[in-house]
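Please walk through this structure with me, one piece at a time. Keep the model in view as you read.

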Amino acid sequence: MPERSHFVVVANRLPVDRVTTEEGETTWRTSPGGLVTALEPVMRKHGGAWVGWHGATDESVEPFTHDGYEIVPVALSASEFEEYYEGFSNATLWPLYHDTVAFPEYHREWWDAYVVVNRRFAEATAEVAADGATVWVQDYQLQLVPQLLRELRPDLSIGFFLHIPFPPTELFQQLPWRRRILEGLLGADLVGFQVPGAASNFLRLVRARTDHRVERDGVALGDHTCHARAYPISIDTSGFKELAESPEAVEEADRLLEDLGHPKRVLLGVDRLDYTKGLRQRIRAIGELFAEGRLDPSETVFLQIATPSRERVEEYRKLRDDIDLLVGRINSEIGDIGHRPIVYQHTSYPRVKMAALYRIADVAVVTPLRDGMNLVAKEYVACHPGTEGALVLSEFAGAARELKQAYLVNPYDINGMKDTVMQAITDPAVVRRRRMRSLRRQVETHTIDAWADHFLGDLKRIGQARAGNP
Ligand code: ADP
Ligand code: F6P
(Lines give C-alpha, C1' and ligand atoms only; values in the text may rest on other atoms or scores of the structure.)
(Ligands and ions follow the chains in the order given, each with its own letter.)
Protein backbone atom coordinates (compact mmCIF):
# COMPACT_ATOMS: atom_id res chain seq x y z
CA MET A 1 0.00 0.00 0.00
CA PRO A 2 1.49 3.40 -0.99
CA GLU A 3 1.81 6.24 1.55
CA ARG A 4 -1.43 8.14 2.03
CA SER A 5 -1.67 11.16 -0.28
CA HIS A 6 -2.74 14.76 0.29
CA PHE A 7 -4.00 15.10 -3.27
CA VAL A 8 -6.04 12.34 -4.89
CA VAL A 9 -7.64 12.24 -8.33
CA VAL A 10 -10.36 9.63 -8.80
CA ALA A 11 -11.46 8.72 -12.33
CA ASN A 12 -12.97 5.69 -13.98
CA ARG A 13 -9.81 5.38 -16.08
CA LEU A 14 -6.19 5.50 -15.05
CA PRO A 15 -3.87 7.52 -17.33
CA VAL A 16 -2.53 4.19 -18.62
CA ASP A 17 -4.44 1.15 -19.78
CA ARG A 18 -3.31 -2.43 -19.25
CA VAL A 19 -3.48 -4.22 -22.59
CA THR A 20 -2.59 -7.71 -23.74
CA THR A 21 -0.85 -7.81 -27.12
CA GLU A 22 -1.57 -10.42 -29.82
CA GLU A 23 1.57 -12.22 -28.65
CA GLY A 24 -0.01 -12.53 -25.18
CA GLU A 25 2.28 -9.98 -23.51
CA THR A 26 0.76 -7.49 -21.08
CA THR A 27 1.85 -3.89 -21.41
CA TRP A 28 0.61 -0.35 -20.64
CA ARG A 29 -0.45 2.35 -23.09
CA THR A 30 -1.95 5.85 -22.78
CA SER A 31 -5.70 5.67 -22.14
CA PRO A 32 -8.09 7.23 -24.67
CA GLY A 33 -10.08 10.44 -24.22
CA GLY A 34 -9.87 14.06 -23.16
CA LEU A 35 -10.03 13.43 -19.41
CA VAL A 36 -6.61 11.75 -19.42
CA THR A 37 -5.08 14.37 -21.77
CA ALA A 38 -6.22 17.11 -19.40
CA LEU A 39 -5.42 15.54 -16.04
CA GLU A 40 -2.05 13.96 -16.76
CA PRO A 41 -0.17 17.29 -16.66
CA VAL A 42 -2.09 18.27 -13.50
CA MET A 43 -0.92 15.10 -11.75
CA ARG A 44 2.66 15.50 -12.99
CA LYS A 45 2.69 18.97 -11.42
CA HIS A 46 0.88 18.27 -8.14
CA GLY A 47 1.95 14.67 -7.41
CA GLY A 48 -0.29 12.54 -5.19
CA ALA A 49 -2.38 9.51 -6.19
CA TRP A 50 -4.65 8.65 -9.12
CA VAL A 51 -7.32 6.07 -8.27
CA GLY A 52 -8.88 4.39 -11.31
CA TRP A 53 -9.67 1.27 -13.27
CA HIS A 54 -6.72 -0.21 -15.19
CA GLY A 55 -8.66 -1.22 -18.30
CA ALA A 56 -8.59 -5.03 -17.93
CA THR A 57 -11.28 -7.19 -16.31
CA ASP A 58 -11.09 -9.84 -13.58
CA GLU A 59 -7.54 -8.81 -12.74
CA SER A 60 -6.23 -7.00 -9.72
CA VAL A 61 -3.09 -4.91 -10.13
CA GLU A 62 -0.88 -3.62 -7.30
CA PRO A 63 -0.35 0.15 -6.88
CA PHE A 64 2.77 1.54 -8.59
CA THR A 65 4.52 4.83 -9.29
CA HIS A 66 4.16 6.51 -12.69
CA ASP A 67 5.56 9.88 -13.81
CA GLY A 68 6.14 10.89 -10.18
CA TYR A 69 2.73 10.04 -8.74
CA GLU A 70 1.00 6.96 -7.35
CA ILE A 71 -1.31 4.82 -9.47
CA VAL A 72 -3.94 3.00 -7.42
CA PRO A 73 -5.78 0.47 -9.61
CA VAL A 74 -9.39 -0.50 -8.92
CA ALA A 75 -10.51 -3.88 -10.29
CA LEU A 76 -13.69 -4.51 -12.31
CA SER A 77 -15.14 -7.94 -13.00
CA ALA A 78 -16.29 -8.83 -16.52
CA SER A 79 -19.94 -8.43 -15.49
CA GLU A 80 -19.26 -5.05 -13.84
CA PHE A 81 -17.52 -3.94 -17.02
CA GLU A 82 -20.69 -4.84 -18.93
CA GLU A 83 -23.19 -3.40 -16.49
CA TYR A 84 -21.45 -0.46 -14.86
CA TYR A 85 -19.15 0.70 -17.71
CA GLU A 86 -20.71 -0.37 -21.02
CA GLY A 87 -24.23 -0.34 -19.59
CA PHE A 88 -25.07 2.39 -17.10
CA SER A 89 -22.16 4.71 -17.90
CA ASN A 90 -22.11 4.41 -21.67
CA ALA A 91 -25.56 3.26 -22.76
CA THR A 92 -27.62 5.14 -20.11
CA LEU A 93 -25.79 8.26 -18.89
CA TRP A 94 -23.68 9.03 -21.98
CA PRO A 95 -26.61 9.36 -24.43
CA LEU A 96 -28.87 10.98 -21.80
CA TYR A 97 -26.27 13.65 -20.98
CA HIS A 98 -25.57 14.29 -24.69
CA ASP A 99 -29.06 15.52 -25.61
CA THR A 100 -30.27 11.93 -26.23
CA VAL A 101 -28.59 11.92 -29.66
CA ALA A 102 -28.87 8.14 -29.14
CA PHE A 103 -31.61 6.47 -27.10
CA PRO A 104 -30.68 5.96 -23.40
CA GLU A 105 -31.51 2.54 -21.98
CA TYR A 106 -32.66 2.13 -18.39
CA HIS A 107 -31.96 -1.21 -16.69
CA ARG A 108 -32.21 -1.78 -12.97
CA GLU A 109 -29.34 -4.28 -12.89
CA TRP A 110 -27.07 -1.72 -14.59
CA TRP A 111 -27.92 0.79 -11.89
CA ASP A 112 -27.17 -1.79 -9.17
CA ALA A 113 -23.73 -2.39 -10.68
CA TYR A 114 -23.14 1.40 -10.86
CA VAL A 115 -23.82 1.68 -7.13
CA VAL A 116 -21.54 -1.25 -6.27
CA VAL A 117 -18.64 0.07 -8.36
CA ASN A 118 -19.04 3.65 -7.11
CA ARG A 119 -18.85 2.29 -3.57
CA ARG A 120 -15.66 0.40 -4.42
CA PHE A 121 -14.06 3.58 -5.79
CA ALA A 122 -15.10 5.51 -2.67
CA GLU A 123 -13.61 2.83 -0.40
CA ALA A 124 -10.35 2.68 -2.36
CA THR A 125 -10.10 6.49 -2.16
CA ALA A 126 -10.88 6.57 1.58
CA GLU A 127 -7.91 4.24 2.10
CA VAL A 128 -5.33 6.26 0.17
CA ALA A 129 -6.36 9.81 1.18
CA ALA A 130 -4.36 11.39 4.03
CA ASP A 131 -6.14 13.28 6.87
CA GLY A 132 -7.82 16.39 5.49
CA ALA A 133 -6.67 15.56 1.93
CA THR A 134 -8.08 17.14 -1.22
CA VAL A 135 -9.89 14.59 -3.39
CA TRP A 136 -10.95 15.42 -6.93
CA VAL A 137 -13.52 13.01 -8.39
CA GLN A 138 -13.96 13.03 -12.18
CA ASP A 139 -16.84 12.51 -14.57
CA TYR A 140 -20.17 10.82 -15.06
CA GLN A 141 -19.04 7.29 -14.23
CA LEU A 142 -18.49 8.27 -10.56
CA GLN A 143 -21.32 10.61 -9.60
CA LEU A 144 -22.14 8.75 -6.38
CA VAL A 145 -18.57 8.84 -5.09
CA PRO A 146 -18.70 12.32 -3.46
CA GLN A 147 -21.57 11.35 -1.15
CA LEU A 148 -20.23 7.84 -0.40
CA LEU A 149 -16.78 9.24 0.30
CA ARG A 150 -18.08 11.96 2.60
CA GLU A 151 -19.88 9.30 4.66
CA LEU A 152 -16.60 7.37 5.02
CA ARG A 153 -14.28 10.39 5.42
CA PRO A 154 -15.95 13.64 6.53
CA ASP A 155 -12.49 15.19 7.04
CA LEU A 156 -11.78 15.36 3.29
CA SER A 157 -12.18 18.29 0.96
CA ILE A 158 -14.10 16.84 -1.99
CA GLY A 159 -14.31 18.31 -5.49
CA PHE A 160 -16.10 16.85 -8.50
CA PHE A 161 -15.70 17.78 -12.16
CA LEU A 162 -18.06 16.71 -14.94
CA HIS A 163 -16.25 16.53 -18.29
CA ILE A 164 -19.41 16.05 -20.35
CA PRO A 165 -22.56 18.18 -20.64
CA PHE A 166 -25.12 18.20 -17.82
CA PRO A 167 -28.56 17.79 -19.40
CA PRO A 168 -31.52 20.13 -19.18
CA THR A 169 -34.21 19.36 -16.60
CA GLU A 170 -36.61 17.84 -19.14
CA LEU A 171 -34.11 15.15 -20.13
CA PHE A 172 -32.52 14.46 -16.74
CA GLN A 173 -35.95 13.79 -15.28
CA GLN A 174 -36.26 10.62 -17.37
CA LEU A 175 -33.65 8.99 -15.16
CA PRO A 176 -35.34 6.64 -12.67
CA TRP A 177 -32.46 7.27 -10.21
CA ARG A 178 -32.35 11.06 -10.69
CA ARG A 179 -32.52 11.95 -7.02
CA ARG A 180 -29.79 9.48 -6.06
CA ILE A 181 -27.47 11.00 -8.65
CA LEU A 182 -28.17 14.53 -7.44
CA GLU A 183 -27.56 13.51 -3.82
CA GLY A 184 -24.39 11.72 -4.89
CA LEU A 185 -22.96 14.88 -6.46
CA LEU A 186 -24.09 17.04 -3.54
CA GLY A 187 -21.64 15.13 -1.33
CA ALA A 188 -18.92 17.33 -2.89
CA ASP A 189 -17.89 20.75 -1.58
CA LEU A 190 -17.55 21.97 -5.15
CA VAL A 191 -19.04 20.56 -8.35
CA GLY A 192 -17.47 21.90 -11.55
CA PHE A 193 -19.06 21.95 -14.99
CA GLN A 194 -17.70 22.88 -18.43
CA VAL A 195 -20.15 25.74 -19.04
CA PRO A 196 -22.38 27.98 -16.87
CA GLY A 197 -25.56 26.51 -18.44
CA ALA A 198 -24.69 23.06 -17.08
CA ALA A 199 -24.23 24.44 -13.54
CA SER A 200 -27.62 26.18 -13.83
CA ASN A 201 -29.27 22.95 -15.04
CA PHE A 202 -27.88 21.17 -11.99
CA LEU A 203 -29.03 23.82 -9.51
CA ARG A 204 -32.47 23.96 -11.10
CA LEU A 205 -32.80 20.19 -10.69
CA VAL A 206 -31.65 20.31 -7.08
CA ARG A 207 -34.36 22.92 -6.41
CA ALA A 208 -37.00 20.85 -8.18
CA ARG A 209 -36.10 17.37 -6.98
CA THR A 210 -34.66 17.71 -3.46
CA ASP A 211 -35.62 19.55 -0.26
CA HIS A 212 -32.28 21.33 0.07
CA ARG A 213 -32.10 25.10 0.24
CA VAL A 214 -30.35 26.64 -2.76
CA GLU A 215 -28.88 30.11 -2.51
CA ARG A 216 -27.06 31.48 -5.56
CA ASP A 217 -24.55 28.74 -6.46
CA GLY A 218 -24.63 27.02 -3.05
CA VAL A 219 -26.76 24.15 -1.73
CA ALA A 220 -27.04 23.98 2.08
CA LEU A 221 -26.64 20.40 3.37
CA GLY A 222 -26.21 20.70 7.15
CA ASP A 223 -22.60 19.54 7.51
CA HIS A 224 -21.41 21.36 4.37
CA THR A 225 -22.47 23.58 1.48
CA CYS A 226 -22.06 22.24 -2.05
CA HIS A 227 -21.22 24.90 -4.65
CA ALA A 228 -21.86 24.43 -8.39
CA ARG A 229 -19.84 26.54 -10.87
CA ALA A 230 -18.38 26.47 -14.36
CA TYR A 231 -14.67 25.79 -15.00
CA PRO A 232 -14.06 25.35 -18.75
CA ILE A 233 -11.27 22.80 -19.08
CA SER A 234 -8.23 23.26 -21.31
CA ILE A 235 -4.96 21.68 -22.40
CA ASP A 236 -1.24 21.93 -21.65
CA THR A 237 -0.89 24.54 -24.39
CA SER A 238 2.87 25.07 -24.20
CA GLY A 239 3.46 21.30 -23.91
CA PHE A 240 1.48 20.70 -27.11
CA LYS A 241 3.18 23.60 -28.88
CA GLU A 242 6.64 22.32 -27.94
CA LEU A 243 5.72 18.83 -29.07
CA ALA A 244 4.47 20.15 -32.41
CA GLU A 245 7.72 22.09 -32.89
CA SER A 246 9.94 19.13 -31.97
CA PRO A 247 12.13 17.62 -34.71
CA GLU A 248 10.19 14.34 -34.34
CA ALA A 249 6.85 16.01 -35.08
CA VAL A 250 8.30 18.03 -37.98
CA GLU A 251 9.78 14.85 -39.51
CA GLU A 252 6.54 12.98 -38.94
CA ALA A 253 4.61 15.80 -40.64
CA ASP A 254 6.94 15.62 -43.67
CA ARG A 255 6.43 11.85 -43.82
CA LEU A 256 2.66 12.24 -43.65
CA LEU A 257 2.63 14.79 -46.48
CA GLU A 258 4.84 12.50 -48.55
CA ASP A 259 2.49 9.55 -47.93
CA LEU A 260 -0.49 11.68 -48.92
CA GLY A 261 1.23 12.71 -52.17
CA HIS A 262 1.76 16.36 -51.14
CA PRO A 263 -1.83 17.53 -51.59
CA LYS A 264 -2.45 21.25 -51.95
CA ARG A 265 -4.84 21.16 -49.00
CA VAL A 266 -5.48 18.89 -46.00
CA LEU A 267 -8.75 18.88 -44.05
CA LEU A 268 -8.55 16.97 -40.76
CA GLY A 269 -10.99 15.31 -38.37
CA VAL A 270 -9.74 13.64 -35.16
CA ASP A 271 -12.17 12.04 -32.73
CA ARG A 272 -12.94 9.04 -30.60
CA LEU A 273 -15.30 7.00 -32.77
CA ASP A 274 -18.38 8.22 -30.92
CA TYR A 275 -21.88 9.04 -32.21
CA THR A 276 -21.78 12.38 -30.39
CA LYS A 277 -18.92 13.58 -32.61
CA GLY A 278 -21.09 14.19 -35.69
CA LEU A 279 -19.00 12.01 -37.98
CA ARG A 280 -21.86 10.89 -40.20
CA GLN A 281 -22.91 14.49 -40.93
CA ARG A 282 -19.32 15.70 -41.37
CA ILE A 283 -18.35 12.97 -43.84
CA ARG A 284 -21.58 13.45 -45.76
CA ALA A 285 -20.98 17.21 -46.02
CA ILE A 286 -17.39 16.86 -47.20
CA GLY A 287 -18.34 14.01 -49.56
CA GLU A 288 -20.92 16.29 -51.17
CA LEU A 289 -18.35 19.07 -51.58
CA PHE A 290 -16.18 16.62 -53.54
CA ALA A 291 -19.16 15.25 -55.52
CA GLU A 292 -20.28 18.76 -56.48
CA GLY A 293 -16.78 19.73 -57.59
CA ARG A 294 -16.46 22.44 -54.95
CA LEU A 295 -13.47 20.50 -53.65
CA ASP A 296 -11.11 18.89 -56.12
CA PRO A 297 -9.89 15.44 -55.02
CA SER A 298 -6.69 15.87 -57.00
CA GLU A 299 -5.68 18.71 -54.71
CA THR A 300 -7.63 18.25 -51.44
CA VAL A 301 -7.64 15.32 -49.07
CA PHE A 302 -9.90 14.86 -46.05
CA LEU A 303 -8.06 12.90 -43.37
CA GLN A 304 -10.30 11.42 -40.68
CA ILE A 305 -8.68 9.67 -37.74
CA ALA A 306 -10.96 7.89 -35.27
CA THR A 307 -9.80 6.23 -32.05
CA PRO A 308 -11.56 2.94 -31.38
CA SER A 309 -13.96 3.42 -28.47
CA ARG A 310 -16.48 1.32 -26.47
CA GLU A 311 -16.45 -1.19 -29.26
CA ARG A 312 -18.92 -3.70 -27.84
CA VAL A 313 -21.70 -1.16 -27.20
CA GLU A 314 -24.37 -1.53 -29.90
CA GLU A 315 -24.55 2.14 -30.96
CA TYR A 316 -20.78 2.25 -31.41
CA ARG A 317 -20.78 -0.90 -33.57
CA LYS A 318 -23.51 0.57 -35.73
CA LEU A 319 -21.57 3.81 -36.07
CA ARG A 320 -18.41 1.99 -37.11
CA ASP A 321 -20.27 0.10 -39.85
CA ASP A 322 -21.99 3.29 -41.05
CA ILE A 323 -18.72 5.19 -41.32
CA ASP A 324 -16.98 2.31 -43.16
CA LEU A 325 -19.86 2.23 -45.62
CA LEU A 326 -20.05 5.99 -46.10
CA VAL A 327 -16.31 6.46 -46.64
CA GLY A 328 -16.13 3.43 -48.95
CA ARG A 329 -19.00 4.72 -51.05
CA ILE A 330 -17.58 8.24 -51.40
CA ASN A 331 -14.09 6.97 -52.22
CA SER A 332 -15.35 4.52 -54.82
CA GLU A 333 -17.50 7.12 -56.56
CA ILE A 334 -15.26 10.18 -56.44
CA GLY A 335 -11.60 10.71 -57.23
CA ASP A 336 -9.46 8.35 -59.18
CA ILE A 337 -6.90 5.61 -58.77
CA GLY A 338 -4.24 7.16 -56.54
CA HIS A 339 -6.57 9.99 -55.42
CA ARG A 340 -8.78 8.91 -52.55
CA PRO A 341 -10.65 12.03 -51.40
CA ILE A 342 -11.10 10.61 -47.89
CA VAL A 343 -8.33 8.89 -45.96
CA TYR A 344 -9.90 7.22 -42.95
CA GLN A 345 -7.93 5.48 -40.19
CA HIS A 346 -9.68 3.68 -37.34
CA THR A 347 -6.77 3.78 -34.95
CA SER A 348 -5.11 5.51 -32.04
CA TYR A 349 -1.82 7.34 -32.60
CA PRO A 350 1.00 8.42 -30.28
CA ARG A 351 0.80 12.06 -29.26
CA VAL A 352 3.71 13.13 -31.47
CA LYS A 353 1.84 11.84 -34.54
CA MET A 354 -1.26 13.72 -33.42
CA ALA A 355 0.84 16.90 -33.23
CA ALA A 356 2.18 16.19 -36.74
CA LEU A 357 -1.38 15.78 -38.03
CA TYR A 358 -2.36 19.12 -36.52
CA ARG A 359 0.72 20.68 -38.17
CA ILE A 360 -0.26 19.59 -41.68
CA ALA A 361 -4.00 20.35 -41.42
CA ASP A 362 -5.00 23.51 -43.31
CA VAL A 363 -8.47 23.17 -41.83
CA ALA A 364 -9.49 21.19 -38.73
CA VAL A 365 -13.14 20.13 -38.87
CA VAL A 366 -14.48 19.58 -35.33
CA THR A 367 -18.25 19.17 -35.55
CA PRO A 368 -19.74 17.26 -32.60
CA LEU A 369 -23.53 17.13 -32.21
CA ARG A 370 -22.90 17.78 -28.52
CA ASP A 371 -19.64 17.88 -26.55
CA GLY A 372 -18.75 18.93 -23.00
CA MET A 373 -15.67 20.82 -24.22
CA ASN A 374 -13.73 19.12 -27.06
CA LEU A 375 -10.00 19.31 -26.53
CA VAL A 376 -9.11 18.42 -30.13
CA ALA A 377 -10.19 21.93 -31.16
CA LYS A 378 -7.79 23.47 -28.61
CA GLU A 379 -4.97 21.06 -29.50
CA TYR A 380 -5.21 22.05 -33.16
CA VAL A 381 -4.97 25.75 -32.32
CA ALA A 382 -1.96 25.10 -30.04
CA CYS A 383 -0.10 22.88 -32.52
CA HIS A 384 -0.70 24.38 -35.95
CA PRO A 385 2.37 26.46 -36.85
CA GLY A 386 2.26 30.22 -37.41
CA THR A 387 -1.09 31.88 -37.89
CA GLU A 388 -2.09 29.83 -40.90
CA GLY A 389 -4.85 27.27 -40.58
CA ALA A 390 -8.53 27.47 -39.78
CA LEU A 391 -10.80 25.81 -37.26
CA VAL A 392 -14.34 24.78 -38.21
CA LEU A 393 -16.13 24.16 -34.91
CA SER A 394 -19.59 23.04 -33.85
CA GLU A 395 -21.71 25.52 -31.92
CA PHE A 396 -22.64 22.59 -29.68
CA ALA A 397 -19.14 21.96 -28.33
CA GLY A 398 -18.34 23.64 -24.99
CA ALA A 399 -15.21 25.02 -26.73
CA ALA A 400 -17.40 27.24 -28.97
CA ARG A 401 -18.06 29.54 -26.00
CA GLU A 402 -14.36 30.36 -25.82
CA LEU A 403 -13.16 29.88 -29.42
CA LYS A 404 -15.50 32.48 -30.82
CA GLN A 405 -13.27 33.25 -33.82
CA ALA A 406 -13.56 29.71 -35.12
CA TYR A 407 -15.76 29.13 -38.18
CA LEU A 408 -18.83 28.06 -36.20
CA VAL A 409 -21.34 25.58 -37.65
CA ASN A 410 -24.56 23.83 -36.76
CA PRO A 411 -23.57 20.22 -37.50
CA TYR A 412 -27.18 19.24 -38.22
CA ASP A 413 -27.29 21.76 -41.07
CA ILE A 414 -25.35 19.96 -43.81
CA ASN A 415 -25.65 22.78 -46.37
CA GLY A 416 -24.59 25.36 -43.79
CA MET A 417 -21.64 23.19 -42.81
CA LYS A 418 -20.57 22.82 -46.46
CA ASP A 419 -20.66 26.59 -46.99
CA THR A 420 -18.70 27.26 -43.82
CA VAL A 421 -16.01 24.70 -44.69
CA MET A 422 -15.66 26.45 -48.07
CA GLN A 423 -15.52 29.82 -46.36
CA ALA A 424 -12.74 28.57 -44.08
CA ILE A 425 -10.83 27.50 -47.19
CA THR A 426 -11.46 30.56 -49.37
CA ASP A 427 -11.46 33.48 -46.91
CA PRO A 428 -8.59 35.91 -47.58
CA ALA A 429 -5.39 35.00 -45.73
CA VAL A 430 -5.63 38.19 -43.69
CA VAL A 431 -9.04 37.18 -42.29
CA ARG A 432 -7.92 33.64 -41.51
CA ARG A 433 -4.81 34.95 -39.75
CA ARG A 434 -6.80 37.38 -37.65
CA ARG A 435 -9.12 34.60 -36.54
CA MET A 436 -6.27 32.22 -35.80
CA ARG A 437 -4.39 34.84 -33.78
CA SER A 438 -7.44 35.35 -31.60
CA LEU A 439 -7.89 31.59 -31.09
CA ARG A 440 -4.21 31.23 -30.21
CA ARG A 441 -4.47 34.01 -27.61
CA GLN A 442 -7.40 32.20 -26.02
CA VAL A 443 -5.64 28.83 -25.63
CA GLU A 444 -2.41 30.48 -24.51
CA THR A 445 -4.12 32.40 -21.72
CA HIS A 446 -6.54 29.66 -20.63
CA THR A 447 -4.37 26.65 -19.93
CA ILE A 448 -4.88 23.43 -18.00
CA ASP A 449 -2.70 24.87 -15.21
CA ALA A 450 -4.98 27.88 -14.89
CA TRP A 451 -8.03 25.59 -14.90
CA ALA A 452 -6.68 23.37 -12.11
CA ASP A 453 -5.49 26.36 -10.05
CA HIS A 454 -8.88 28.04 -10.38
CA PHE A 455 -10.85 24.93 -9.32
CA LEU A 456 -8.47 23.86 -6.55
CA GLY A 457 -8.14 27.44 -5.27
CA ASP A 458 -11.93 27.70 -4.95
CA LEU A 459 -12.12 24.28 -3.30
CA LYS A 460 -9.50 25.33 -0.76
CA ARG A 461 -11.36 28.55 0.07
CA ILE A 462 -14.61 26.63 0.48
CA GLY A 463 -12.83 24.17 2.82
CA GLN A 464 -11.42 27.03 4.89
CA ALA A 465 -14.84 28.65 5.18
CA ARG A 466 -16.30 25.30 6.31
CA ALA A 467 -13.60 24.99 8.97
CA GLY A 468 -14.51 28.50 10.14
CA ASN A 469 -11.22 30.22 9.19
CA PRO A 470 -11.84 32.00 5.89
P1 ADP B 1 -13.37 12.95 -25.68
O2 ADP B 1 -12.91 13.20 -24.28
O3 ADP B 1 -14.84 12.83 -25.82
O4 ADP B 1 -12.67 11.79 -26.33
P5 ADP B 1 -11.86 15.36 -26.53
O6 ADP B 1 -11.78 16.02 -27.85
O7 ADP B 1 -12.07 16.28 -25.39
O8 ADP B 1 -12.98 14.24 -26.60
O9 ADP B 1 -10.51 14.59 -26.25
C10 ADP B 1 -10.02 13.62 -27.12
C11 ADP B 1 -8.55 13.36 -26.79
O12 ADP B 1 -8.16 12.16 -27.43
C13 ADP B 1 -7.63 14.45 -27.31
O14 ADP B 1 -6.61 14.68 -26.37
C15 ADP B 1 -7.06 13.86 -28.61
O16 ADP B 1 -5.75 14.28 -28.90
C17 ADP B 1 -7.07 12.38 -28.31
N18 ADP B 1 -7.31 11.61 -29.54
C19 ADP B 1 -8.38 11.68 -30.34
N20 ADP B 1 -8.25 10.84 -31.37
C21 ADP B 1 -7.06 10.23 -31.21
C22 ADP B 1 -6.34 9.23 -31.96
N23 ADP B 1 -6.84 8.69 -33.06
N24 ADP B 1 -5.15 8.83 -31.47
C25 ADP B 1 -4.67 9.35 -30.34
N26 ADP B 1 -5.29 10.28 -29.61
C27 ADP B 1 -6.47 10.71 -30.03
O1 F6P C 1 -14.29 13.01 -21.34
C2 F6P C 1 -15.22 12.06 -21.62
C3 F6P C 1 -14.72 10.63 -21.47
O4 F6P C 1 -15.82 9.85 -21.47
C5 F6P C 1 -13.94 10.30 -20.23
O6 F6P C 1 -14.64 10.20 -19.04
C7 F6P C 1 -13.37 9.01 -20.66
O8 F6P C 1 -12.30 8.58 -19.91
C9 F6P C 1 -12.99 9.28 -22.11
O10 F6P C 1 -13.96 10.19 -22.56
C11 F6P C 1 -12.85 8.06 -22.99
O12 F6P C 1 -13.90 7.16 -22.86
P13 F6P C 1 -13.71 5.73 -22.24
O14 F6P C 1 -13.02 5.88 -20.92
O15 F6P C 1 -15.07 5.17 -22.14
O16 F6P C 1 -12.83 4.96 -23.20
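Helix 10 (279-291) and helix 11 (residues 314-333) pack at about 5 degrees, and their axes lie 10 Å apart. Helices here are DSSP runs of H or I with at least four residues, strands are E runs of at least two, and both are numbered from the N terminus. The axes are lines fitted to C-alpha atoms over the stretch in contact, with angles from 0 to 180 degrees between N-to-C directions. Helix 10 and helix 11 are therefore roughly parallel to each other; that term covers angles under 35 degrees.

Which residues make the contact between helix 10 and helix 11? Helix 10 brings Leu279, Arg280, Ile283, Arg284, Gly287 and Phe290, and helix 11 brings Asp322, Ile323, Leu326, Val327 and Ile330. Residues are in contact when their C-beta atoms, placed from the backbone, lie within 7 Å. By class, this contact has seven nonpolar, one polar and three charged residues. Ala, Val, Leu, Ile, Met, Phe, Trp, Tyr, Cys and Pro count as nonpolar; Asp, Glu, Lys and Arg are charged; the others, including Gly, are polar.

This is a predicted model: local features need pLDDT of at least 70, side-chain atom pairs count only at pLDDT 80 or more, and totals for chains, interfaces and linings use all residues. Residues are numbered from 1 along each chain as its sequence is written, while chains are lettered from A and ligands numbered from 1 in the order in which they are written.

Now step back to the loop between strand 13 and helix 10, where Asp274 lies. Asp274 counts as buried because it has 25 C-beta neighbours inside 10 Å; the cut-off for buried is 20 or more other C-beta atoms within 10 Å, with C-beta atoms placed from the backbone.

The chain divides into domain 1 (5-233 + 449-466) and domain 2 (237-445), with bounds from an automatic or database domain assignment. Their C-alpha centres lie 30 Å apart. Domain 1 gives 20 residues to the contact, and domain 2 gives 19. On the domain 1 side, helix 1 supplies the largest share, four residues.

Ligand 1 has 16 residues around it, and Gly34, Thr37, Thr307, Ser348 and Leu375 come nearest. A residue is near when its C-beta atom, placed from the backbone, lies within 6 Å. Both domain 1 and domain 2 give at least three residues to this shell.

Technical notes
Contact = placed C-beta atoms within 7 Å. Buried ≥ 20, exposed ≤ 12 C-beta atoms within 10 Å, placed from the backbone. Parallel < 35°, antiparallel > 145°, perpendicular 65-115°, else oblique.
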